[in-house]
Amino acid sequence: MLTKKQWAHCLAEMDRMFPDAHCELVHDNPFELTIATLLSAQCTDVLVNKVTKTLFQKYKKPEDYLAVPLEELQQDIRSIGLYRNKAKNIQALCERLLVEYGGEIPASREALVTLPGVGRKTANVVLSVAFDVPALAVDTHVERVSKRLGLCRWKDSVLEVEETIMKKTPMDKWSKTHHQLIFFGRYHCKAQNPGCPTCPLLGDCREGQKRLKKGLVKEA
């Protein structure tokens, strides 16, 4: 397992590689970010942004999503995976926002996770990005990178990964670390073809060293 010193080195290298890492979901306010993050489940940010470019022009507030039949909303997001269920969740979320929160996205995790379609990951993204609250969302990239590096165990649950990263990372760096882990996983330590031979973290990475030793990746 990585020591705190090794993890600090990894963070420094990721900061060097991706100093401008940020949320790539295009949005103008907490409500749009919540909808975009809900749509991003099992879907790429690129596709979500393509859909929300027109979606957010048509639907500006919760009332707008409730003013159309469910079938119309489903058609508007049809190119996104699980669009039927996501459309149902969006309308249910909007209704709950109007009834419970005056149409505004709440700024607490406890309240956010009560919204239909919003789990802990989505709540953490909204807290971190929209409200600047220290939080660390674990998506597929964060989980993969942290386990490959040996910061977390392969058997760890998503919640255990989140808790481990937060424990070993200064609180004021949680949000930045989340984005840099995503960029590192999305653009360098990819699921199928990780850039192990040229990776500046190779000296600390158990998985990268194992892959090179077994010839799973070719040395540069």
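**View 1. The largest cavity has a volume of about 110 Å³.** A cavity here is a set of points on a 1 Å grid over the protein atoms alone where a 1.4 Å probe fits but cannot get out; grid points are joined across faces, edges and corners, and the volume is the space filled by probe spheres set on the points. This is a predicted model, in which local features need pLDDT of at least 70 and side-chain atom pairs count only at pLDDT 80 or more, while totals for chains, interfaces and linings use all residues. Residues are numbered from 1 along each chain as its sequence is written, and side-chain values use heavy atoms, leaving out hydrogens and water. Searching the whole structure turns up one cavity of 30 Å³ or more.

**View 2. Fifteen residues line the largest cavity.** Lining residues have an atom within 4 Å of a point. Look for F184, C189, C196, C199 and C205, which lie nearest the centre. Helices are DSSP runs (H or I, at least four residues), numbered from the N terminus.

View 3. E13 counts as buried at 17% relative accessibility, whereas R16 is exposed at 54% (buried means under 20% relative accessible area, exposed over 50%, partly exposed in between, with a 1.4 Å probe and protein chains only).

**View 4. K176 and D15 meet in a salt bridge of 3.0 Å, N to O.** This pair links distant parts of the chain, with K176 in helix α11 (residues 174–187) and D15 in helix α1, 161 residues apart. K176 is partly exposed at 40%, and D15 is partly exposed at 29%.

**View 5. D76 and K58 meet in a salt bridge of 2.9 Å, N to O.** D76 lies in helix α5 (residues 70–76) and K58 in helix α3 (residues 45–58), so the pair ties together parts 18 residues apart in sequence. D76 is partly exposed at 28%, and K58 is partly exposed at 39%.

**View 6. E24, D45 and R186 are linked in a network of salt bridges.** In the whole structure, the search finds eleven salt bridges.

How values were computed. Salt bridge = Lys/Arg side-chain N within 4 Å of Asp/Glu carboxyl O. Helix = DSSP H or I, 4+ residues; strand = E, 2+ residues; numbered from the N terminus. 1 Å grid on protein atoms, 1.4 Å probe; cavity = no way out; pocket = protein on both sides within 12 Å on 5 of 7 lines; lining within 4 Å.
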